[in-house]
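Student: Please present the model, and let us then discuss its surface and overall form.

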Amino acid sequence: MFQKPTYEELFEENQMLKAIIKSLSERISELEAILKQNSQTSSKPPSSDGYKKPKPTSSRKKSDKSKGAQKGHKGSGLQLPHEPDKIVEHLPLQCESCEHKDV
């Protein structure tokens, strides 16, 4: 039949498990530190970064203004300086898709 472990046996087992947990926690911390390293945080070359390259960061601050021209801005585009003297239409001599002449 099953015998209950003594207090001393439980205490020794508990101490052993605590030591194992401590060593595994330290190992996990070491491995996580290795994973966090890249060419910017260590002396590793950039080619060792692989596909996990850090996103480039900008030093610019986000503005509360919208993109482009602001409201109330009177736009001005490229305009002709005057009316043209003569308008010449340039039409193709034959259709490009069916080669029909006299379009």
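Tutor: Buried means under 20% relative accessible area, exposed over 50%, and partly exposed in between, with a 1.4 Å probe and protein chains only. This is a predicted model, in which local features need pLDDT of at least 70, side-chain atom pairs count only at pLDDT 80 or more, and totals for chains, interfaces and linings use all residues. Residues are numbered from 1 along each chain as its sequence is written, and side-chain values use heavy atoms, with hydrogens and water left out.

Student: Is Glu13 buried, partly exposed or exposed?

Tutor: Glu13 lies in helix H1; helices (H or I, at least four residues) are DSSP runs numbered from the N terminus. The relative accessible area of Glu13 is 42%, so Glu13 is partly exposed.

Student: Which class of accessibility does Met16 have?

Tutor: Met16 belongs to helix H1, which covers residues 7-36. Because its relative accessibility is 48%, Met16 counts as partly exposed.

Student: What percentage of the residues is buried?

Tutor: The C-alpha atoms fill a box of roughly 110 × 50 × 40 Å along the principal axes. Of the 103 residues in the protein, the buried ones make up 2%.

How values were computed:
Helix = DSSP H or I, 4+ residues; strand = E, 2+ residues; numbered from the N terminus.
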